[in-house]
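I opened the notebook for a few look-ups.

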Amino acid sequence: MAGYNEIFVNSLDEDVKCCFCHLPLREPVQTRCGHRLCRECLEELTQSTTKDDKSNNDDLFSFTCPVDNVKLDFSVDTFPDKATERKILSLIIQCPNGSCEWTGPLGEKQKHLDCCLLLVVSCTNENCKETMVRKDLDEHVTVTCQWRMIYCSYCSVSLPDCHLKEHINVCLKYLVECPNTCGVEIQREKIPHHVENDCPLEIVSCPYAQMSCDVKVARNQVESHLQAASSNHLDLARINLLGTQEKFREKTRKMDERMSELEKQVYDLKNTNTFLLEAVASLGLTIAPQLSWRICNITEALKPPTPYGTAALQSEPFYSSANGYKLKVSLYPRGSKSRKRGYVSVYLIVMKGEYDDALPWPFRHKVIFTLIDQQENLEKRRNIVRELVPDMNRKWHARACAKPTEDENPEFGIFELEPIDTFLYQKTRGYLLDDSLLLEVRVIPQLNVV
């Protein structure tokens with residue numbers, strides 16, 4: 001850097017010049033012999049002297065005055081010359097930037113350069129490498145710089161000006177002409193919809209294409225084609241209608257055949273079921289009940305003055321099969337209060353079960369209630385057997401057998417299972433044993449119910 005290389009307005013005295021670089025002193029230092037040097041020049045001179053004579057460590061910080069060749073010690077024989085520095089900084093200079101007319105003290109040079117309109121500066125836009133004088137910077141940054149940020153006038157995305165042309169080629173909001181040259185200008189992103197649905201010049205199939213008309217015309221010519229080919233279209237429609245009728249007849253015939261096969265299968269299964277039941281009966285066997293319910297302490301419930309329609313006795317819930325319907329039985333010893341009195345009534349209750357979603361609804365199975373004659377002689381036993389078959393034509397049955405939406409459905413059943421007197425006064429039968437009744441319940445699937 002050495003001394004100041006400036007354009008001074010007035011000539012300079014020799015006492016303000018460095019005796020080494022001969023420029024106006026920058027950070028002047030005065031030697032013991034009265035000469036002045038720039039601090040940087042003094043450091044350079046000291047380093048140069050040290051390199052020439054490395055034999056003595058005491059000479060590491062010594063130098064020779066360039067004026068009178070006196071050997072001096074850097075740390076002892078030099079000191080900053082603040083008075084001369086103030087004098088030099090007060091000297092008047094011209095601005096180094098071309099035709100700038102500014103003149104002023106050297107000490108105020110940097111302050112002037114910070115605002116000098118003719119100082120060469122770099123563009124402040126990212127990626128721009130151009131330079132210009134400060135007075136042109138604003139116009140360049142905002143108007144002419146190819147890296148200035150702008151907004152696309154179609155989609156409002158921000159991007160450098162030099163990328164705008166490339167962006168326009170892909171901008172979805174940019175207005176482009178229809179590829180069919182129909183004269184419409186539309187946003188690029190809407191071109192597919194326009195071509196597919198609106199463009200009058202797009203080639204489309206005849207509306208009767210499904211009826212084998214293979215003509216393709218411009219969309220704006222479709223009506224003309226329909227009028228010109230109406231007779232042909234009617235013929236195609238007639239042919240297709242005949243074909244559809246034939247297909248329908250064939251499909252109906254196959255459905256009828258399949259229905260006949262299914263009816264035969266149902267008939268065969270029904271016969272098989274009947275055969276199996278008869279075989280079981282001929283062997284003296286019975287189908288195991290799904291519920292065997294011993295009803296204890298029954299005498300008091302049967303005798304007056306117990307009022308008719310008292311609360312029912314209810315069994316534990318049971319399933320019709322391993323993955324079947326969840327059911328339970330209720331028994332009214334004195335009859336239900338809404339029906340004829342003097343009879344024992346028994347009802348079935350369909351409950352919400354864990355397999356309901358896999359079962360067919362409504363519940364249609366036959367239910368057989370059997371009151372067991374409990375006398376010891378099996379040959380003399382006369383069980384009381386009653387069947388309950390759901391009838392979907394009866395509203396109460398339909399409601400009671402529907403798929404449960406609550407914990408359990410309303411009950412339905414047999415109002416007159418057996419007169420109460422049968423149990424109180426029939427001495428030849430053993431329906432009551434140890435003050436208890438034994439009721440068995442069997443659920444029989446109905447294969448002929450569709």
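Which residue in strand 24 does Ile295 stand opposite? I looked it up in this predicted model. Ile295 faces Leu437 of strand 24.

**Entry 1: the sheet.** Strand 16 and strand 24 (residues 436–444) run antiparallel to each other, joined over six bridges. They belong to an open sheet of four strands, in the order 16-24-21-22, with antiparallel pairing. I noted strand 16 (291–296) and strand 22 (384–388) as the edges, since each pairs on one side only. From one strand to the next, the twist averages 20°. As background, I wrote down that strands of a sheet pair through backbone hydrogen bonds.

**Entry 2: the cysteines.** I searched the whole structure for disulfides and found zero. Cys123 is in none; its nearest cysteine sulfur is that of Cys128, 3.6 Å away. A disulfide needs the two sulfur atoms within 2.5 Å. Cys145 is in no disulfide either, and its nearest cysteine sulfur is that of Cys128, 3.6 Å away. I then checked accessibility. Cys123 has 8% relative accessibility, so it counts as buried. Cys145 has 0%, so it counts as buried.

**Entry 3: helix 4.** Which residues of helix 4 (residues 137–144) are buried? I listed Leu137, His140 and Val141. Viewed down the helix axis, these buried residues fall within an arc of 95°, so they line one face of helix 4. The general rule I noted: residues three or four places apart point the same way, because an α-helix has 3.6 residues a turn. Asp138 and Thr142 are exposed on the other side of helix 4. I also asked what covers the buried residues of helix 4. The cover includes strand 8 (120–122) and strand 9 (131–133).

Conventions. Residues are numbered from 1 along each chain as its sequence is written. This is a predicted model: local features need pLDDT of at least 70, side-chain atom pairs count only at pLDDT 80 or more; totals for chains, interfaces and linings use all residues. Side-chain values use heavy atoms; hydrogens and water are left out. Buried means under 20% relative accessible area, exposed over 50%, partly exposed in between (1.4 Å probe, protein chains only). Helices (H or I, at least four residues) and strands (E, at least two) are DSSP runs, numbered from the N terminus. The arc is that of the directions from the helix axis to the C-beta atoms. Contact means heavy atoms within 4.5 Å. Two strands pair if DSSP finds at least two bridges between them. Axes are lines fitted to C-alpha atoms, for helices over the stretch in contact, and angles run from 0 to 180 degrees between N-to-C directions.
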